[in-house]
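These are my notebook entries on a single model. I list what I looked up, element by element.

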Amino acid sequence: MTVTIETENFGAFFAAPFAAYGAGSPYVSPLKGDLARFLSAGNPLVSGADEGALTYFTAHRHGEIVGRITAHEHGASNRLHDVKRGYFGFFDCADDSEAARMLLAAAEDWCRARGLNEIAGNFNLTAMQQIGVVTDGFEHAPYLDQIWSPPHIARLLEENGYRATFPMATMEVAQLQSAPEISLGAKHRAIMEDPDFEFAPITRATLSKRLDEAREILNASFADNPMFVPVSAEEFHFQAKDMKWVMDKRISAVLHHRGKPAGCVICVPDLNPFLRKIRSRIGIATPWHFLRHRMSNTRAVLIFAGIMPELQGKGINPVILDHVMRNAKAAGYTHMGNTWIADVNPMSLAQAEKAGSSRMHRLHLFGKSL
């Protein structure tokens, strides 16, 4: 056997996609410190006794790193959806059948040992983070919070008995400055003129409150979506720990109705070009690269949008999206990406296309019975 598997070697885990894909690939890693935080015992996804568990593996061939994978159980998800599902994530591997087989076997064995009877991925690490395996659109460089994988990853999964499910797409407005205005009719203008509706201020002082309101909207508006699990305040702030330092208040919006959260669109500047420049590592020159990126960046990414259930279907989402798009244009942004939208949500796909978006990546989840 020429491939060996190591457990929880974080240095190798971080290095694996760079070694597997080479410097010229579109892959962008999370910041090394953030990745370590996500995989730590302090992650509220797995820190509670009933929440779940997490481990990770790396594959090595003759001393060279050739791949990696996580295996985890999301206890809250399994309880809510009444399944015994394990998850794999961060499956990044060279085009190496033996390494892929052994990594997937390690994740599967870990899941079986926990009494789980199916496995699915990529989940990096929940449905509210990066998910999926790219199956088309490989040439497009990902935005922040978009996943990217080369063509051979889907093939390696199929070789090991995995089946593609749950099709998704990422979206992009590639020429934001010349994109068509969102079509607003009489009901939309009525909302804009109604004093009961008001955009809440987003400032340094109010950012924590706005993010709490965004979480409230997220949990309410996504409650009926497949695989969704309500996000606790602890988990939300764990994931958004550094968001306040990178958010541009001009390109996010929280709309209130009679003083209460009605809907939101949360966008952030795209940090992927900056992360590529520093290879996702903090060094002496990092602050200089960050300031330079901040001054020159013209890309933004829409993380999520939601409307409170009692207000859905009333035309509120186009009003908020129009507000954000106009502000983004005025701020000089030229490109806006969108994290994954599932095919089972055709209204969101249609709304994105009406705003001038075209599809970037095609993605699927891959799963199998254990």
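Which residue caps the N-terminal end of helix 5? I found that Asp96 does so, with a side-chain oxygen 3.2 Å from the backbone nitrogen of Glu98.

Basis of the entries. The model is predicted, so I note that local features need pLDDT of at least 70 and side-chain atom pairs count only at pLDDT 80 or more, while totals for chains, interfaces and linings use all residues. Residues are numbered from 1 along each chain as its sequence is written, and side-chain values use heavy atoms, with hydrogens and water left out.

Entry: helix 5. I took helices (H or I, at least four residues) and strands (E, at least two) as DSSP runs, numbered from the N terminus. Helix 5 covers residues 97-113, 17 residues in total. From first C-alpha to last it reaches 24 Å, close to the 24 Å expected at 1.5 Å a residue; the expected span is 1.5 Å times one less than the number of residues. For burial I used relative accessible area: buried is under 20%, exposed is over 50%, and partly exposed is in between (1.4 Å probe, protein chains only). Among the buried residues of helix 5 I noted Met102, Leu103, Glu108, Trp110 and Cys111. Just after the helix, Gly115 takes a positive phi of about 80 degrees.

Entry: helix 5 against helix 6. The two helices pack at an angle of about 65 degrees, with axes 10 Å apart. Axes are lines fitted to C-alpha atoms, for helices over the stretch in contact, and angles run from 0 to 180 degrees between N-to-C directions. I recorded the crossing as right-handed; that term applies if the near helix is turned clockwise from the far one by less than a right angle, and left-handed if anticlockwise. Ser97, Ala100 and Leu104 of helix 5 make the contact with Leu156, Leu157 and Glu159 of helix 6, where contact means heavy atoms within 4.5 Å.

Entry: salt bridges. I searched the whole structure and found 21 salt bridges, each a side-chain nitrogen of Lys or Arg within 4 Å of a carboxyl oxygen of Asp or Glu. An α-helix has 3.6 residues a turn, so residues three or four places apart point the same way. Arg155 is partly exposed at 35% relative accessible area, and Glu159 is partly exposed at 46%.

I then looked up Arg258, which forms a salt bridge with Asp196, the closest N and O atoms being 3.2 Å apart. This pair links distant parts of the chain, 62 residues apart: Arg258 is in the loop between strand 11 (253-257) and strand 12 (260-269), and Asp196 is in the loop between helix 7 (186-193) and strand 10 (197-199). Arg258 is exposed at 63%, whereas Asp196 is partly exposed at 29%.

A further salt bridge joins Glu353 and Arg359 (3.4 Å, N to O). Salt bridges that share partners join Glu108, Asp109, Arg112 and Lys368 into one network.

Entry: Thr170. Not counting residues up to four places away in sequence, Thr170 touches several residues, including Gln146, Trp340, Arg359 and His361.

Entry: backbone geometry. Most residues other than glycine have a negative phi, and most peptide bonds are trans. I noted a cis peptide bond between Gly121 and Asn122, with omega about -5 degrees. His62, in the loop between strand 2 (52-61) and strand 3 (64-74), has a positive phi near 50 degrees and is exposed at 66%. Met227 has a positive phi of about 75 degrees; Met227 lies in the loop between helix 8 (207-221) and helix 9 (233-239) and is buried at 18%.

Terms used: Polar contact = N/O pair within 3.5 Å; in protein donor to acceptor, adjacent residues only side chain to side chain.
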